[in-house]
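Student: I have a fold open on my screen and would like to talk it through with you. Could we go through it question by question?

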Amino acid sequence: MDKQLTKTDLAFVLGFLFTLIVGVGAFLYGVKVGAERTEAKYAAELKAAQAAAADSILAYQQQDLVSFYHTVFLPYREFSTEWLTVRGKWLAGETSDLAASLKELARAAERKYDAVKGTHVPLASPLLKEARDGYLNSLRLFAGSFSGLVSQAKSHDAFRLLEIVESDETYRSGVRSALHAQQAYYGAMMKWGATLDPDIPEEYDPPAKLGTADWTGLPLLVKNKITADYLARRGAFDDFLPQDLTAKIDSLIQTGRAGQLNLHTFQSVAELLTGTEAVRAGDFLALKAQLYGDELLPQLPFFSPGG
């Protein structure tokens, strides 16, 4: 005999069905929301990846390196050359009015600062921006140092004044800032090279003792970055550029003289050359044909004869 459902049973069945429907609906809604969130996440990641790829394509183009050379590096280099020329005249006793000399150096640094500060550097190339900011800061500090030491020029001879300048903390900060900017510029060149040659890394962290054999096998752009880093650690104001030191190191190694002198690391060769003042501006160009026939370099004037 069939038994009719009681009101309690009917309520239970209806309640179960309602719960089931709600549960299924919540599940389907959760799936939909989850799918939408997943799609949104992957869409955002894809967009970010595409943006990064676009930035990578736009970053460190040769025209940006060339533009930086003419608008930022060259004005700074003109000032540094002027300072080294004045320094040489001081040491040779060819400058009688040291105070006027310092005033003119301060004005020269200010002029170059004004010339550089309005330059544009692509946002996609942060190392170039870092280099520009470093050169700007160095020019500002040099101007402040020279103008601040004018009063001392009246009571000291050239040799003593040079000692005072080179021990002045503002001046020393200017040197450090310029060398840091140089590191960033040569780092940008290496990143440019990495976009064209798979054997050139975007970054390179040399071992504490880089052997001469390992050094010799590195691409020229990597070597130049290593020498730029070395010069920054050395902290001296020199007339030569990283590639000049690179060329002298390669020459000493390739001729066998490094081995004869029992020098088997990059550091030992670099210290000998810089410590004996054996490196000069233009050494790279003098040795380029002999050492670097087919090495990849950006078309910058200081890498080419007559540049």
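Student: Which residues do ring pairs link into a cluster?
Tutor: Happy to start there, keeping in mind that this is a predicted model. The structure holds 25 aromatic pairs. Ring pairs join some of these side chains into a cluster, and its members are Phe68, Tyr69, Phe73, Tyr76, Tyr135, Tyr185, Tyr186, Phe284, Tyr292, Phe302 and Phe303.

Student: What kind of aromatic pair do phenylalanine 284 and phenylalanine 303 form?
Tutor: A pair of aromatic rings is described by the distance of the centres and the angle of the planes. For phenylalanine 284 and phenylalanine 303, the centres are 5.7 Å apart and the planes make an angle of 65°. Plane angles over 60 degrees count as edge-to-face, so the pair of phenylalanine 284 and phenylalanine 303 is edge-to-face.

Student: How many residues apart in sequence are the parts that this pair ties together?
Tutor: Phenylalanine 284 lies in helix H13, which covers residues 283-291. Phenylalanine 303 belongs to the segment after H13, so the pair ties together parts whose separation in sequence is 19 residues.

Student: Is phenylalanine 284 buried or exposed?
Tutor: Buried means under 20% relative accessible area. Phenylalanine 303, its partner in the ring pair, is buried with a relative accessible area of 1%. Phenylalanine 284 has 1% relative accessibility, so phenylalanine 284 counts as buried.

Student: Leaving aside neighbours within four places in sequence, which residues is phenylalanine 284 in contact with?
Tutor: Let's look around that side chain. With the neighbours within four places set aside, the contacts of phenylalanine 284 are Leu220, Gln243, Asp244, Ala247, Tyr292, Leu297, Phe302 and Phe303.

Student: How are H4 and H7 oriented to each other?
Tutor: Two packed helices are described by the angle between their axes and the distance between the axes. Helix H4 (residues 126-148) and helix H7 (residues 169-194) have axes that come within 7 Å and cross at roughly 160°. The crossing in which H4 passes H7 is left-handed. Angles over 145 degrees count as roughly antiparallel, and H4 and H7 are therefore roughly antiparallel.

Student: Where does tyrosine 60 lie?
Tutor: This residue has a backbone angle to look at: tyrosine 60 has a positive phi of about 55° although it is not a glycine. At 8% relative accessibility, tyrosine 60 counts as buried. Its place is the loop between helix H1 (7-58) and helix H2 (62-91).

Student: Is glutamate 277 buried or exposed?
Tutor: Glutamate 277 also has a positive phi, near 55°, and is a residue other than glycine. The loop between helix H12 (266-275) and H13 holds glutamate 277. Exposed means over 50% relative accessible area, and at 59% glutamate 277 is exposed.

Student: What percentage of the contacts between residues at least 6 apart in sequence join residues at least 24 apart?
Tutor: Let's finish with the whole protein, which has 13 helices and zero strands. Buried residues make up 41% of its 307 residues. Among the contacts between residues at least 6 apart in sequence, the share that joins residues at least 24 apart is 72%.

Technical notes: Residues numbered from 1 in each chain as written. Predicted model: local features only at pLDDT ≥ 70, side-chain atom pairs only at ≥ 80, totals over all residues. Heavy atoms only, no water. Helix = DSSP H or I, 4+ residues; strand = E, 2+ residues; numbered from the N terminus. Buried < 20%, exposed > 50% of the residue type's maximum accessible area, 1.4 Å probe, protein only. Contact = heavy atoms within 4.5 Å. Phe/Tyr/Trp six-rings, centres within 6.5 Å; stacked < 30°, edge-to-face > 60°. Axes fitted to C-alpha atoms, helices over the stretch in contact; angles between N-to-C directions. Parallel < 35°, antiparallel > 145°, perpendicular 65-115°, else oblique. Left-handed = near helix turned anticlockwise from the far one by under 90°.
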